[in-house]
Amino acid sequence: MVKLRLKRCGRKQRATYRIVAIDVRCRREGRDLRKVGFYDPIKNQTYLNVPAILYFLERGAQPTETVRDILKKSEVFKELCPNQIKLN
């Protein structure tokens, strides 16, 4: 199963995150299938590759809670059918 998950980058006390599509069995810093975005919580900046994210979501990838919140704020889910993914 594939998940959209945050992968930690950056230096100590100054974390940035990549949003990646990764196999569930891999660890957080493991090999990812594809990088689909970037998130900087300090500057509150987000870059999303929307076509790549939609590609994985349409094929059953499940976002983690944090990634789901990021995608909701950027309104990515409006481009999907409402019945395809659980938004809770």
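A salt bridge, as the word is used here, is a side-chain nitrogen of Lys or Arg within 4 Å of a carboxyl oxygen of Asp or Glu. Asp32 and Lys7 make one, with their closest N and O atoms 2.9 Å apart. This pair ties together distant parts of the chain: Lys7 is in strand β1 (residues 2–11), while Asp32 is in the loop between β2 (14–23) and β3 (34–40), 25 residues apart.

Before going on, keep in mind that this is a predicted model, in which local features need pLDDT of at least 70 and side-chain atom pairs count only at pLDDT 80 or more, while totals for chains, interfaces and linings use all residues. Residues are numbered from 1 along each chain as its sequence is written, and side-chain values use heavy atoms, with hydrogens and water left out.

Back to our pair. Are its two partners buried or exposed? Here, buried means under 20% relative accessible area, exposed means over 50%, and partly exposed is in between (1.4 Å probe, protein chains only). Asp32 has 15% relative accessibility, so Asp32 counts as buried. Lys7 is buried too, with a relative accessible area of 12%.

By the rule above, the count comes to 3 salt bridges. Another one joins the side chains of Asp23 and Arg25, at 3.0 Å from N to O. Asp23 counts as buried because its relative accessibility is 19%, whereas Arg25 is exposed at 75%. Then there's Glu58 with Arg59, where the closest N and O atoms are 3.9 Å apart. Glu58 is partly exposed, with a relative accessible area of 46%, and Arg59 is exposed, with 55%.

Now for the fold. The chain has 2 helices and 5 strands, and from the N terminus on they run β-β-β-β-α-β-α. Helices (H or I, at least four residues) and strands (E, at least two) are DSSP runs, numbered from the N terminus.

The 5 strands form an open sheet in the order β4-β3-β2-β1-β5, with mixed pairing. The edge strands are β4 and β5, and each of them pairs on one side only.

Follow β1 for a moment. β1 pairs with β2 in the antiparallel sense over 10 bridges, and Arg5, for example, has Val20 in β2 as its bridge partner. These two strands form a hairpin with 2 residues between them, and Gln13 in the turn has a positive phi of about 65°. β1 also runs parallel to β5, joined to β5 by 2 bridges; there, Leu4 stands opposite Pro63. Leu6 and Thr64 are 58 residues apart in sequence, but 8.2 Å apart in space, C-alpha to C-alpha.

Where do the helices go? Helix α1 lies across β1, β2, β3, β4 and β5, running at about 120° to β3. Helix α2 lies across β1, β2, β3, β4 and β5 too, running at about 90° to β1. (Axes are lines fitted to C-alpha atoms, for helices over the stretch in contact, and angles run from 0 to 180 degrees between N-to-C directions.)

Take a closer look at α1. In this helix (residues 50–58), Ala52, Ile53, Leu54, Phe56 and Leu57 are buried. What covers them includes β1, β2, β3, β4 (45–48), β5 (62–63) and α2 (65–73). Just after α1, Gly60 takes a positive phi of about 100°.

That brings us to the inside. A nonpolar core is a set of buried Ala, Val, Leu, Ile, Met, Phe, Trp, Tyr and Cys residues joined through side-chain atoms within 4.5 Å. The largest one has 18 residues, and Leu4, Ile19, Val36, Ile53 and Leu71 have the most contacts inside it. At least two residues of this core come from each of β1, β2, β3, α1 and α2, and α1 gives the most, with 5 residues. Which residues does Ile53 touch? Leaving aside residues up to four places away in sequence, Ile53 touches Leu4, Val36, Leu48, Leu71 and Val76, where contact means heavy atoms within 4.5 Å.

For the chain as a whole, buried residues make up 39% of the 88 residues.

Terms used. Two strands pair if DSSP finds at least two bridges between them.
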